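Hello,

Here is the structure I promised to pass on. Please open it first; my notes follow below.

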Amino acid sequence: MKVTTTVLLAIVSVVTALPQGKAAQPDEDTRELTWPSTGVIFTFEGTRASINIRNVTGTTSADLTIDGGEPILIANVEGDSIDTPSLPDGTHTVELRKRSETYFGTFRVKDVTTDGQFLSPPDPKRRIEVIGDSHSVGYGLDGIFPCTDSALVQNNPKTYGAVTARALEADYSVVAWSGKGLIRNYASSPPDTSPPMPVMYTRYGANDADGSHTFPRTWTPDAVVIALGTNDFSYLGVRDPVNPAELVKAMVAFVKK
């Protein structure tokens, strides 16, 4: 018998699958996984489970972790499901986390199914949110010189934020995009006129409209790490150096939000 559960459920006492990442859940309307680290965690009693997916675009790498073991690398998410291997009959906790960032690719979670029954997943006692650029994304982290950045060599679960969260047994959300700055993005020619991170942060999914995130109280971080400014300082041969006073003013305004 196959049991099905949807992903977007809110009350821990009755949930069978908890979303992970930005505000602890994927896009509410589409269940689209965009930001690095977004995913789903669930606990079931049985021998196998499937995360059914749709609308796969581009290339996305992900980690599938079962019972806290070594992550199974999914080099490129494709097809219509991400399946666990056959497991011993019993209770298992499965966690899927997106390794790569938005611009390489996204996909949407349809539902989760199992040959057994779902149980309430573990409820993390701590929550950490990381807001940043390529350092927080995990840009090229698994690359071996010489290499080119790709979805496969990005590894968000290996970044400082994810490693710290696991050490503290905390859930974590990473709102990051390579090249983004606090008031201006990485120096390039022609200039990158796309929104800087404080604007991107107001989006629920990374591809959603500005101001679409409602910041629900159901996922309030215990600690927030903001790692921005590196790209603002880039300028050689392209633009004037950044004014540090403007950066300080922008950071204060961002934190006050």
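The buried residues of helix α2 pack against strands β12 and β13. Keep in mind that this is a predicted model.

**Helix α2**

Helix α2 covers residues 160-167, and its buried residues are Gly 161, Ala 162 and Ala 165. Looking down the axis of α2, these buried residues stay within an arc of 95°, so they line one face of the helix.

β12 and β13 belong to an open sheet of 3 strands. The order is β13-β12-β14, with parallel pairing. β13 (170-176) and β14 (223-227) are the edge strands, and each pairs on one side only. On average, neighbouring strands in this sheet are turned by 15° against each other, direction ignored. β12 spans residues 126-132 and pairs with β14 in the parallel sense over 5 bridges. Within this part of the model, Ile 131 stands opposite Ile 226 in β14.

**Aromatic rings**

How many aromatic pairs are there? The count comes to 6. Tyr 103 and Trp 177 make a tilted pair, 6.2 Å centre to centre with 45° between the planes. This pair links distant parts of the chain, 74 residues apart. Tyr 103 is in the loop between β9 (90-98) and β10 (105-114). Trp 177 is in the loop between β13 and α3 (197-200).

Trp 177 is buried, with a relative accessible area of 17%.

Tyr 201 and Phe 215 form another tilted pair, at 5.3 Å between centres and 40° between planes. Both sit in the loop between α3 and β14, 14 residues apart. Tyr 201 is buried at 14% relative accessible area. Phe 215 counts as partly exposed, because its relative accessibility is 39%.

There is also an aromatic cluster, formed by Phe 42, Phe 44 and Phe 118.

**Charges over rings**

Trp 177 turns up again here. The charged end of Lys 180 sits over the ring of Trp 177, 5.7 Å from its centre. Arg 97 lies over the face of Tyr 172, 3.8 Å from the ring centre.

Best wishes

Key. Residues are numbered from 1 along each chain as its sequence is written. This is a predicted model: local features need pLDDT of at least 70, side-chain atom pairs count only at pLDDT 80 or more; totals for chains, interfaces and linings use all residues. Side-chain values use heavy atoms; hydrogens and water are left out. Two strands pair if DSSP finds at least two bridges between them. Helices (H or I, at least four residues) and strands (E, at least two) are DSSP runs, numbered from the N terminus. Axes are lines fitted to C-alpha atoms, for helices over the stretch in contact, and angles run from 0 to 180 degrees between N-to-C directions. Buried means under 20% relative accessible area, exposed over 50%, partly exposed in between (1.4 Å probe, protein chains only). The arc is that of the directions from the helix axis to the C-beta atoms. Contact means heavy atoms within 4.5 Å. Rings of Phe, Tyr and Trp (its six-membered ring) pair if their centres lie within 6.5 Å; planes under 30 degrees apart count as stacked, over 60 as edge-to-face and the rest as tilted. A charge sits over a ring if NZ of Lys or CZ of Arg is within 6 Å of the ring centre and within 35 degrees of the ring normal.
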